[in-house]
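Hello,

Here is the structure I promised to pass on to you. Have a look at it first, and then read my notes below.

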Amino acid sequence: MKHLLSMEDLSTLEIEQLLDRAAYFKQGGKLEGDKKLYAVNMFFEPSTRTHHSFEMAEKKLGIETISFEPGESSVTKGETLYDTVLTMQALGVDIAVIRHKEEHYYEPLKALDIHVINGGDGCGQHPSQCLLDLFTIKEEFGTFSGKKVVICGDILHSRVANSNMQVLKRLGADIYFSGPREWFDASCAAYGTYLDIDQVVEVADVLMLLRVQHERHQADGAVFSKADYHAQYGLTIERAAKMKKDAIIMHPSPVNRDVEIAGCLVESEQSRIVAQMQNGVFMRMAILEAVLNEKEAEMRVCTL
């Protein structure tokens, strides 16, 4: 594949292949090639995990990372995203990992001769996060079929929810939604059922909590109480005690402790939040390899 822009672009076979390659890299597998490769990480919205996870993945693969800071670039002078990426292509950069506030920002970039990986587009898609979530679930259960996955929280503004609900449904999981009803978009009904948090917490195999995106709600002028949200919709200690013993807790992070989840549960026995962050490096190694192999067919993959 030349780009990774949306989970909708991936076939089920391609998803399975990416999950297998992530497992290979987690076991110590390596990628070797004679050509020096270059990547640029262009994040126009704040990011810790995705940004640095891609950077670590690039370093593990031996890919040279080119520095890019939006505030120090010609974007501040009015340069378009297209022309900025065109410049990177002209300089010899092979891969551009981009996060941008505009949904579908990548459409004009498809024709360029540079690999584009979507690191998140507004409230649209977050394919690399979705894939690392799938990897974490498969690592835990070995399958998606019949697993009850609850996506709880700020569904309306979540690119993570958009990506995950579609793919998990396709892979055979049973999807449920919870959280404030006003954040449950009607389009989600095609993928799953809305239930109260106290109903779904007892049946969930995977409880996938979403960050309350304060920055987007503030733009809407909404009033928000952290304590009220935690009491009504969050994973409290009392609710966690009702979960199935083999159920897992997930969160794309950053976590608002004592809002979406009680602070003491973030690193609890059932939590896979740290595992998600660790798996993100190996999943992104697999993604980088996949887009490079479209162009670099001569690259040799070492076997263990």
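**A charge over two rings**

The charged end of Arg-21 sits over the ring of Tyr-24, 4.1 Å from the ring's centre. Arg-21 also has its charged end over the ring of Phe-25, this time 5.5 Å from the centre. Please keep in mind as you read that this is a predicted model.

**Aromatic rings**

How many aromatic pairs does a search of the whole structure find? The search turns up seven. One of them joins Phe-177 and Phe-184, a tilted pair with 5.4 Å from centre to centre and 50 degrees between the planes. Phe-184 also pairs with Tyr-194, and that pair is tilted too, at 5.4 Å centre to centre with 50 degrees between the planes. Phe-184 is in the loop between β7 (174-178) and β8 (192-194), while Tyr-194 belongs to strand β8, so their pair ties together parts that are ten residues apart in sequence. Through these ring pairs, Phe-177, Phe-184 and Tyr-194 are linked into a cluster.

Are Phe-177 and Phe-184 buried or exposed? Both are buried. For Phe-184 the relative accessibility is 18%, and the cut-off for buried is under 20%, so Phe-184 counts as buried. Tyr-194 has a relative accessible area of 14%, so this residue is buried as well.

**The largest pocket**

Next, try to find the largest pocket, which holds about 450 Å³ of space. Its lining is made up of 22 residues, and those nearest the centre are Arg-99, Arg-159, Arg-211, Ser-253 and Pro-254. By type, the lining residues divide into five nonpolar, ten polar and seven charged.

**A look at Leu-132**

Last, find Leu-132, which lies in helix α4 (residues 127-141). With a relative accessible area of 2%, Leu-132 is buried. Which residues does Leu-132 contact, leaving aside its neighbours within four places in sequence? They are Gln-276, Asn-279, Gly-280, Met-283 and Arg-284.

Enjoy exploring, and write back with any questions.

Best wishes

Definitions and conventions
Residues numbered from 1 in each chain as written. Predicted model: local features only at pLDDT ≥ 70, side-chain atom pairs only at ≥ 80, totals over all residues. Heavy atoms only, no water. Helix = DSSP H or I, 4+ residues; strand = E, 2+ residues; numbered from the N terminus. Buried < 20%, exposed > 50% of the residue type's maximum accessible area, 1.4 Å probe, protein only. Contact = heavy atoms within 4.5 Å. 1 Å grid on protein atoms, 1.4 Å probe; cavity = no way out; pocket = protein on both sides within 12 Å on 5 of 7 lines; lining within 4 Å. Points joined across faces, edges and corners; volume = space filled by probe spheres on them. Nonpolar A, V, L, I, M, F, W, Y, C, P; charged D, E, K, R; others polar. Phe/Tyr/Trp six-rings, centres within 6.5 Å; stacked < 30°, edge-to-face > 60°. Lys NZ or Arg CZ within 6 Å of the ring centre and 35° of its normal.
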